[in-house]
Amino acid sequence: MSGQQQKQYIVQPGGKLTGECRVPGDKSISHRSIILGAIAEGTTNITGFLEGEDALATLAAFRKMGVEIEGPEQGRVTVHGVGMNGLTLPEDAIDLGNSGTSIRLLCGLLAGQKFNTVLKGDNSLAKRPMGRVIDPLAKMGAVIGSNEGKLPLHVQGGNNLYAISYELPMASAQVKSCLLLAGMYAKGKTTIVEPAPTRDHSERMLAGMSYPIEVEGNKITIEGEGKLMATDIDVPADISSATFFMVGAAIAPGSDMTLCHVGVNSTRIGVINILKMMGADITLSNETVTGGEPVADIQVRYAPLKGINIPVDQVPLAIDEFPALFIAAACAEGQTILTGAKELRVKESDRIQAMAAGLVILGIDAQATDDGMIIEGGIMGSGEVDSLGDHRIAMAFAIAGLQAGGTIVIKDSANVTTSFPKFVELATAAGLVLDEIDG
Ligand code: S3P
């Protein structure tokens, strides 16, 4: 984040991952628990909340809009809901740091308020496209000023919103959720059609809080001007964070690692499906459902991986997991081809470019394509790679150390705390030889 102390990771080669570990709470569900808890009637008690900067940015935004929130303390947060129309004018601009989910979801919610707001963020967020939410919100009657579709966003309040039917031009849970939130303030029924399934945590949480919403195949319909009833929310461990340990265990001989109480919602398990297709040894146990979200323990034991053509239908289900999956591909025998993943170019960094560049530095034949990558499995060497301030790029290259021939230096690692505080501590305890230093 801007103004933050620069950090870098130094990873020593070799090692294996063993033991049990519970990674921090799901980022997507943590954001939604605060947003929906804030506008619900009554008190929402959250456990397992992610105390990472992105989710904390959402929490701080609602405090600024007059919501009383206790915590977080060891993952516990209590949100005293103010009801659908109880938010108040924040004193100044709301800073959402690095968090694309916060800004896109808040845009939809704030378009339906009586007051104006200004939303801003860090240098990475300032480069990301906001037209994907501004354009459909404008069709609903919202007025959002921007700098050619980029930050800062000036969200005008006091407009009547109208329900629309909208076909999403890209598979995006953030855009879908933004429109669902705006739809709650619109007159009539808003319908959203997805080109492919994306994470459905908003739909599940809305239904769990008794809000009128219907899902029929790829069509989601939400009624305007309903009521949300507070409920307790248990946030499962984040499969996107667990991924780094899953891939680490899959590539390092002798590994046997169990990730506990991980969210395994079918819209998030692309990484399990893809790794299994590559030959990974993955077993799920203790499968249960908590607060409408399926969870399980995931055990991964080392097994040799082979390259595959990644099925396009798995792409939205594993969209945040590709940095780690590219490392798995680099360690697999043969070629892996990813297509249909253009969205990776507009994440916290251009993840296709950032990962291909780093893999090439480490001696892997990785070719970036317009919408994916072609990777020949090989032997990784050593070198200095740049995470470009992207948390998932930094963690992906950290686990690459398990199969590297020498030391890997990863520049610009400070943003790992946006999604995975204590990554270094947990990864080190599991067997990765990793240090974080200033600089
Ligand atoms: C998220 C949706 C995804 C994902 C992001 C979290 C969410 O973004 O990459 O990390 O919580 O809705 P897109 O909707 O842009 O694909």
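1. Let me start with Arg128, which is buried at a relative accessible area of 5% (buried is under 20%, exposed over 50%, partly exposed in between, with a 1.4 Å probe and protein chains only). This is a predicted model, so local features need pLDDT of at least 70 and side-chain atom pairs count only at pLDDT 80 or more, while totals for chains, interfaces and linings use all residues. Residues are numbered from 1 along each chain as its sequence is written, and side-chain values use heavy atoms, with hydrogens and water left out.

2. Where does Arg128 sit, in a helix or in a loop? Arg128 is in the loop between helix 4 (123–126) and helix 5 (131–139); helices here are DSSP runs of H or I with at least four residues, strands are E runs of at least two, and both are numbered from the N terminus. The Arg128 side chain reaches the backbone oxygen of Val346 at 3.2 Å and the backbone oxygen of Lys347 at 3.5 Å. Both are polar contacts, meaning N or O pairs within 3.5 Å; within protein one atom must be able to donate a hydrogen and the other to accept it, and residues adjacent in sequence count only through two side-chain atoms. Leaving out residues up to four places away in sequence, Arg128 touches Asn98, Gly100, Arg104, Gly149, Lys150, Val346, Lys347 and Glu348 (contact is heavy atoms within 4.5 Å).

3. Lys347 turns up again at the ligand: one of its polar side-chain atoms lies 2.7 Å from a ligand oxygen. Backbone atoms come in too, with an N or O of Ala173 at 3.0 Å from an oxygen atom of the ligand and a polar backbone atom of Gln174 at 2.8 Å from one. On its own the ligand exposes 390 Å², and the protein buries 95% of that (Shrake-Rupley areas, 1.4 Å probe; for residues, only the protein chains shown count as cover).

4. Beyond neighbours within four places in sequence, Ala38 is in contact with Phe62, Val67, Val79, Gly81, Val82 and Gly83.

5. How much of helix 10 (322–330) is buried? 9 of its 9 residues are, running from Phe322, Pro323, Ala324, Leu325 and Phe326 through Ile327, Ala328, Ala329 and Ala330. The cover on those residues includes helix 8 (239–251), helix 9 (270–277), helix 11 (351–361) and helix 12 (391–400), along with strand 20 (335–338) and strand 22 (372–376).

6. In helix 7 (201–208), His201, Ser202, Glu203, Met205 and Leu206 are buried. They pack against helix 1 and helix 6, and against strand 14 (213–216), strand 15 (219–223), strand 16 (233–234) and strand 19 (293–301). After the helix comes Ser210, with a positive phi near 65°.

7. Thr191 belongs to strand 13 (189–193) and counts as buried, since its relative accessibility is 14%. Not counting residues up to four places away in sequence, Thr191 touches Ile164, Ser165 and Tyr166 as well as Lys219, Ile220 and Thr221.

8. Please look at two cis peptide bonds. One runs from Gly71 to Pro72, with omega near 0°, and Pro72 is in strand 4 (68–73). Another joins Leu151 and Pro152 with omega about -5°, and Pro152 is in strand 9 (150–155).

9. Positive phi also shows up at non-glycine residues in loops. Gln74 has phi of about 45°, in the loop between strand 4 and strand 5 (76–80), and counts as exposed at 79% relative accessibility. Glu225 has phi of about 60°, in the loop between strand 15 and strand 16, and is exposed with a relative accessible area of 54%.
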